[in-house]
Each structure stands twice: as structure tokens, then as C-alpha cells.
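Reader: Could you take a close look at one part of this model, the ligand site, and at the elements that lead away from it? I would like the cut-offs stated along with the values.

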Amino acid sequence: MANRYITTPVYYVNARPHIGHAYTTVMADILARYFKAKGEDVFFLTGTDEHGAKNAQAAERVKKTPKQYVNELASEFRIAWQGLNIDYSQFIRTSDPKHEKVVVDFVQKLKNAGFVDKRRYSGLYCIACERYLTPKELESGLCPDHKTKPVLQTEENYFFALSRFQEKLIRTIERDELLITPATRRNEVLGKLRTGLEDVSISRANVVWGIPFPNDPNQTIYVWVDALINYYSATEMYDSLGGWAEHPADIHLIGKDILWFHAVIWPAMLLALKLPLPKTIATHGFFTIGGEKMSKTRGNVLDPLELVEKYGVDTIRYALVSAFPFGTDGDFSEEIIKQKYESELANELGNLLQRVLIMMKKYNLCSLAKKWQGAKRNKVSSRSRKELLAVGEDIEKYRFDLALSAIWDIVRQGNEAIERAKPWELAKNNKAKLEDVIGNEYERLLLIARLIKPFMPATSSAMEEQLQSCVPEPLFPKIDG
Ligand code: ME8
């Protein structure tokens with residue numbers, strides 16, 4: 001039974017996966033691989049959010065039925081995650097009838113518990129956000145995120161009594177029983193919660209592409225309610241997860257755009273059914289591309305698979321998480337990838353491995369590889385243990401960029417140590433010292449391979465193989481163009 005349950009958002013399938021989706025999913029994969037390497041039984045859930053007006057409109061644009069369209073797009077996400085070496089446990093789709101059934105039961109239980117009633121409502125709806133915006137949120141009459149004009153909708157909807165959870169949510173978040181990280185995001189949520197909480201509509205009268213509302217076929221369940229429940233329905237659908245009541249999600253990894261849904265609406269739905277809350281909501285920042293918001297109209301949407309094709313999967317994984325700190329916004333571009341490829345990856349890491357292996361061959365030290373490896377396999381030196389712990393702590397606190405820069409300090413120290421020791425001179429007159437120096441570097445490379453494993457699994461394996469075989473092959477070969 002899994003003892004650590006990690007999730008990404010279920011992504012809308014209104015367009016192909018882009019580098020923003022890749023960012024979250026790669027970080028979730030790093031966490032999952034890290035905890036697995038520590039011996040934990042990890043369940044890593046990702047998937048797609050397939051109902052609602054936004055997806056239905058996208059299907060209409062390409063003249064397909066919603067079902068046909070979402071099937072195709074869900075495959076695109078799967079293919080992208082395969083290309084990025086994402087080792088998820090399950091890929092959940094909200095159009096899966098098993099999930100749909102759980103959603104209906106969940107909403108029925110909310111009704112039975114007395115938290116749902118029908119009201120007439122008029123509000124401004126942003127389809128790109130899939131939510132009503134309050135007049136306060138608008139900027140010059142437009143959605144602040146999408147710069148589009150929301151549509152006035154007047155309908156009779158079912159409402160969830162969100163306002164009844166204001167006090168309880170404030171207390172739970174203040175005590176970190178529901179841990180929202182980083183702290184700036186936690187404070188943001190607390191601040192907004194203290195200004196008041198309004199009930200939310202949880203059904204739609206005019207959206208056909210959705211799950212029918214229990215006992216009212218004229219309404220469908222609001223796409224966000226449907227989507228949030230995926231985290232719970234997975235625990236009903238997949239045997240290796242215990243039930244939510246015994247083991248709720250440990251980490252919901254999300255972008256800052258969907259924090260309110262995860263930190264307020266989702267926990268309130270769970271509280272209403274007396275279910276336990278997720279432990280942590282880890283919220284990362286957004287990146288811009290070349291200083292601008294990524295958007296189709298600007299033509300600056302980076303396609304993760306094209307980048308993988310050109311630079312290799314681990315380059316993209318590395319570049320994504322090392323570009324800027326987890327909680328902040330930052331810039332990303334192909335230029336950044338190129339620069340990291342040439343300097344940190346090829347000139348620093350690749351170079352260290354090559355030169356050590358080439359010297360081992362040249363000075364006939366390959367026969368010592370087994371001894372150096374055996375020694376390390378039996379006992380990790382105290383320095384290595386310290387580094388492993390420090391990098392592990394960074395990963396557990398979502399400081400992926402710091403973890404990588406700590407690893408790269410070790411890489412740089414390796415290149416510097418070689419410059420200082422000048423093995424090519426030792427080879428002439430001090431064979432014992434030569435063995436010592438190269439043995440140290442060999443040990444360092446084994447440690448680096450181990451440290452980068454969750455971030456760059458393929459590179460880590462390639463390093464380990466080369467260190468075994470003593471046959472150097474460039475890890476990051478020159479790229480044309
Ligand atoms: O919101 N920078 O799906 P979505 C970083 N279906 N991350 C980004 C990003 C960017 N520029 N753009 C997107 C939805 N993301 C709902 C979620 S969950 C129950 C339902 C990432 O396809 C980030 O993780 O719009 C963000 O939260 C998510 O994609 C939004 O994906």
C-alpha cells in the first residue's frame with residue numbers, strides 16, 4: 001500500500017501540453033523518484049480534466065465530438081509525459097465512467113449532508129478560467145489572467161455552502177494542518193479568507209459536456225468540482241492507494257493560478273463530508289517566455305517534445321527546474337536551455353566524466369574501477385552522506401533549484417581538483433598519488449550520479465554504465481544549429 005501520495009493537477013485538454021504543464025509534472029516526478037529511492041512506496045497521480053465549456057469549445061473549433069477530441073488530446077499528454085520520462089503510477093481521466101460515478105456519489109453526499117441548495121444566480125463567467133469572476137477582480141472589464149471579456153450568465157444553479165467553512169479553514173491553515181507552501185501563498189490565502197467567503201455554484205444549466213447532476217438531468221456538475229474530486233476518486237479506483245479516509249493526498253503540487261480551488265474549495269468539500277484534508281499544497285510560480293506570458297497568439301508556446309527532441313530529455317528536465325526558485329515567477333526560453341546545455345551540462349558535468357574516464361584509460365586505471373566501486377557500495381563516505389542528506393532536504397522542501405546548484409558545486413569542485421592536482425604530471429612520477437586523485441574523482445562521479453538520479457534519471461544511468469565499463473561517451477554531445 002502506498003505510503004506517499006503525490007498529485008499534479010489534471011490538465012485541461014483544450015490544447016496540447018505545453019512547457020508550463022511539463023514544469024509541474026517534472027517536479028512531481030522528481031519528488032516521486034526521490035521518495036522511491038528512499039525506499040518509500042509512492043503513488044504518483046497525473047491526468048486530464050476533460051469536461052466543461054472550455055474543452056467543449058476546443059472540440060467544436062476542430063469540428064470533432066467532445067469525446068473524440070478529448071481522447072486524442074489525452075493521448076497527447078500521455079505521449080508528452082513519456083517523452084519527458086515521467087514515471088507516474090496512474091493517469092486519471094475525468095471522462096472515465098468510474099471517476100464519473102464517484103463524482104456523482106460525492107455530490108449526492110454533499111446534498112444529503114445539507115450543504116447544497118438551488119438558487120438563481122447572475123454573474124460574469126470566464127470560460128478560460130472556468131469560473132465566475134467578481135466585479136472586484138476585473139481589470140478594465142476584462143479577466144485579469146486571460147484579458148478576455150467574461151460573459152454575463154443568469155441561471156438557476158446548485159450552490160455549495162462554502163461560507164460555512166470560513167472559520168474552520170482559517171484555523172486549519174493557521175495551524176498548518178493543511179500546509180500551504182511557500183508561506184507567502186499561505187498568507188495570501190489566509191488574507192483572502194479573512195475578508196469573507198461566499199457560497200459557490202457547483203452546477204451549470206447550459207453546459208452539456210459534463211457529468212449530469214444527481215437527480216437533475218437539466219444541470220451538469222461544475223467542471224472544477226468534477227476535477228478536484230479526481231484526487232479522491234483515484235483512491236477508490238486504484239487498489240495500491242488506500243482509501244482517502246485512511247490516507248489522503250500527501251502533496252498536491254500545483255501552479256499559483258489554481259491555489260484558491262485547492263486551498264479553499266477542495267478542503268471545504270472534504271470537511272463537509274468529514275473527510276481528512278490533504279497534507280500539503282505546494283504551489284509553484286509561473287514562467288514567462290522571453291519576458292512575455294506564454295500564449296498561442298503571441299506564438300511563444302514552447303512545445304516540450306520538440307525541445308526534448310533537440311536537447312534531450314534530461315536537459316529539459318534540468319533546465320525547467322533550475323531556471324528559478326520554486327515559488328517565484330521567472331523567465332524561460334530556448335536561449336536559457338541552450339546556455340545551460342553548453343555550460344552546466346556539457347562543459348561542467350559532461351567534461352568531468354569524460355576527462356576522468358579518459359585518464360583512467362590512458363593511465364591504465366580501469367582495472368581499479370571495481371575496487372573503487374566495491375568500496376563505495378559497502379560504505380558511503382561521510383562526505384557523501386552529508387551531501388545526500390543536504391540535497392534530500394532541499395528536495396523535500398521543494399528547493400529543486402538549490403538542490404541542483406549544490407550538486408553543481410560538487411561538479412565544479414571536481415574539475416577544479418583535477419586542475420590543481422595535475423594528474424598528467426603525477427602520471428610521470430607519482431603513481432600512488434595519481435591513483436588517489438583519480439579514485440577520489442571516480443567516487444565523486446558515483447556520488448553525482450546518485451544525486452542527480454531523481455532529476456536526470458537517464459543521465460544518471462548513463463554515468464553509472466560508463467563508470468562500470470570505463471568507456472567514455474559524451475553525455476551532452478555538440479548540437480547542430
Ligand atoms: O487549471 N508556468 O488546468 P490547466 C508554470 N484543469 N506552470 C504552468 C504554466 C506556466 N506558464 N501554465 C500552466 C487547470 N501551468 C485545471 C486543473 S486540478 C483539479 C484542475 C501548470 O491545463 C500549472 O501547474 O489550465 C497550473 O496550475 C496548471 O498547469 C494549469 O493547468
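**The ligand shell and its surroundings**

Author: Serine 233 is found in helix α8, where helices are DSSP runs of H or I with at least four residues, strands are runs of E with at least two, and both are numbered from the N terminus. This is a predicted model, in which local features need pLDDT of at least 70 and side-chain atom pairs count only at pLDDT 80 or more, while totals for chains, interfaces and linings use all residues. Residues are numbered from 1 along each chain as its sequence is written, and side-chain values use heavy atoms, with hydrogens and water left out.

Serine 233 is buried, at a relative accessible area of 0%; buried means under 20%, exposed over 50% and partly exposed in between, with a 1.4 Å probe and protein chains only. Beyond residues up to four places away in sequence, serine 233 touches Ile92, His99 and Val102, contact being heavy atoms within 4.5 Å.

Helix α8 (230–237) also belongs to the ligand site: α8, β1 (4–12), α1 (19–37) and α7 (223–228) each give at least two residues to the shell. The shell has 24 residues, of which Val10, Tyr12, Thr24, Asp49 and Asp257 come nearest; a residue is near if one of its heavy atoms lies within 4 Å of the molecule. By class there are 13 nonpolar, nine polar and two charged residues, where Ala, Val, Leu, Ile, Met, Phe, Trp, Tyr, Cys and Pro are nonpolar, Asp, Glu, Lys and Arg charged, and the others, Gly among them, polar.

Polar contacts are pairs of N or O atoms within 3.5 Å. A ligand nitrogen is 2.7 Å from a side-chain N or O atom of aspartate 49, and a ligand nitrogen is 3.1 Å from a polar backbone atom of phenylalanine 287. For histidine 284, the distance from a side-chain N or O atom to a ligand oxygen is 3.5 Å. The ligand alone exposes 680 Å², of which the protein buries 93%, by the Shrake-Rupley method with a 1.4 Å probe.

Isoleucine 202 sits in the loop between β8 (200–201) and β9 (203–204) and is buried at 3%. Among its contacts outside four places in sequence are Val116, Phe160 and Val225.

Technical notes. A polar contact is a pair of N or O atoms within 3.5 Å; within protein, one must be able to donate a hydrogen and the other to accept it, and residues adjacent in sequence count only if both atoms are side-chain atoms.
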